[in-house]
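User: Hey, I've just opened this one for the first time. Can you walk me through it?

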Amino acid sequence: MSGSRSQSSGLRVQPAAFGAVPTGARLERIRRSPHFANGAFVNPEGARIGPSRGVALEMAKGYFRKDERVRRAPAGLIPVHSTTLADLARPPASGLRVTWMGHSSVLAEIDGHRVLIDPVWGERCSPFAFAGPKRLHPAPLPLAALGPVDVVVISHDHYDHLDMPTIKALAGTDTVFAVPLGVGAHLEHWGVSEGRIRELDWNEATKVGGLTLTATPARHFCGRGLRNAQQTLWASWVVAGDEHRIYHSGDTGYFQGFKDIGAEHGPFDITMIQIGAYSEFWPDIHMTPEEGLKTHLDLQGGGTGGVLLPIHWATFNLAMHSWAEPGERSLWAAHKAGVTLATPRPGEPFEPRNTPPADPWWRSVARRPAEGWTAWPPVGEQLDLVAES
């Protein structure tokens, strides 16, 4: 049917990238979820999903203005660490190693298992090969060079988290997929066998080898096309091994439930928190860097232990803030709170137990603010402005 025309509307049937609508037993399970009401999944706290139509039109005009495009892009080539299979073949000395691949894609090697979270290796986070946000840096290594993966975790079905080309490539392996309710329909549509899919509601868990994966609440939304809005669930994820536990926020606005997740599943060796693509026009579904820091503290029971890895920035241009702003604001928020911040370049593996000192590497390729960069590392609390070229 792909590429054919609908007899009733005369419009082309949606391409394969739009995925599939949950049906049958999957749909019945969705309808039984306590988080599904009036034909749609609902947030743990009320959330405004986006701007009004008029505001969205004004934003679109600004989004495509040349001066705005320049401000929201790096001024030079983003320094990508050339990860190799040899780098990843050596087991982590501490039992936990994390490699941020850019945006929200993370490879976590935890207690002898390998978990790939929100893998996006495609060139655009879009259903179309010719349009939509394009990568600002290449993937640190080819997907095939990553080596075997025990489980792939998906937070939700937006294009910058669920990438059809990547899933199709992984469909030929024997990896297990852990996904929120309804997302399995997309995976099966793209060739993943039903037996390899673990579909979870919030607060449900599944075991894969020696790992326990728990889908935890998030404050966001879903959908890849007009037909399936709010028909699949979004989630954050807890991954617990024999010795370590990690948290990945997916996409989310701030909400009080992070404290409950921390009390139930924390503290964490590392939290991977969305801190980019925020806007005053959608404050309920994406977090600012300061809210991301607050989330980390909530998850740690109010303590400053564990490592914070900012995600959901640097790779795609998805909002109106400047390209380097999420990294810069996270740097200072974590410093002020006394939290250990991980600032790896895309593709740079590190072990949270030995997190390198924070390094604002983005400054070397960002457009320098008119007032200069605030000196890093600070001397005591004397934060001098320096005019770096």
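Predicted model: local features only at pLDDT ≥ 70, side-chain atom pairs only at ≥ 80, totals over all residues.

User: Which residue does Glu109 pair with?

Analyst: Arg97, with the closest N and O atoms 2.7 Å apart. Glu109 sits in strand 4 (residues 105-110) and Arg97 in strand 3 (residues 96-102), so the bridge ties together parts that are twelve residues apart in sequence. Helices (H or I, at least four residues) and strands (E, at least two) are DSSP runs, numbered from the N terminus.

User: Is Glu109 buried or exposed?

Analyst: Glu109 is buried, at 5% relative accessibility, and Arg97 is buried at 3%. Buried means under 20% relative accessible area, exposed over 50%, and partly exposed in between (1.4 Å probe, protein chains only).

User: And where are Arg329 and Glu325?

Analyst: Both are in helix 9 (residues 325-337), four residues apart, or about one turn of the helix. Arg329 is partly exposed at 29%, and Glu325 is partly exposed at 25%.

User: New topic: what's the strand order in the open sheet of seven strands?

Analyst: The order is 9-10-11-12-13-14-15, with mixed pairing. Strand 9 (205-208) and strand 15 (340-341) are the edges, each pairing on one side only. Two strands count as paired if DSSP finds at least two bridges between them.

User: How many bridges join strand 13 to strand 14?

Analyst: Five, and the two strands run parallel. Across that pairing, Thr271 stands opposite Leu308 in strand 14.

User: Where's Ser104, and what is it in contact with?

Analyst: Ser104 is in the loop between strand 3 and strand 4, and is buried at 0% relative accessibility. Leaving aside neighbours within four places in sequence, Ser104 is in contact (heavy atoms within 4.5 Å) with Ile117, Asp118, His161, His248, Ile311 and His312.

User: What about helix 7 and helix 8, at what angle do their axes cross?

Analyst: Roughly 35°, with the axes coming within 7 Å. Axes are lines fitted to C-alpha atoms, for helices over the stretch in contact, and angles run from 0 to 180 degrees between N-to-C directions. Phe258, Lys259, Ile261 and Gly262 in helix 7 meet Thr295, Asp298 and Leu299 in helix 8.

User: Last one: which residues touch the most other members of the largest nonpolar core?

Analyst: Val115, Leu213, Ile270, Leu309 and Trp323, out of 67 residues in that core. A nonpolar core is a set of buried Ala, Val, Leu, Ile, Met, Phe, Trp, Tyr and Cys residues joined through side-chain atoms within 4.5 Å. Another core, of 24 residues, lies apart from the largest one, with Trp121, Leu141, Ile154 and Val179 among them.

Conventions
Residues numbered from 1 in each chain as written. Heavy atoms only, no water. Salt bridge = Lys/Arg side-chain N within 4 Å of Asp/Glu carboxyl O.
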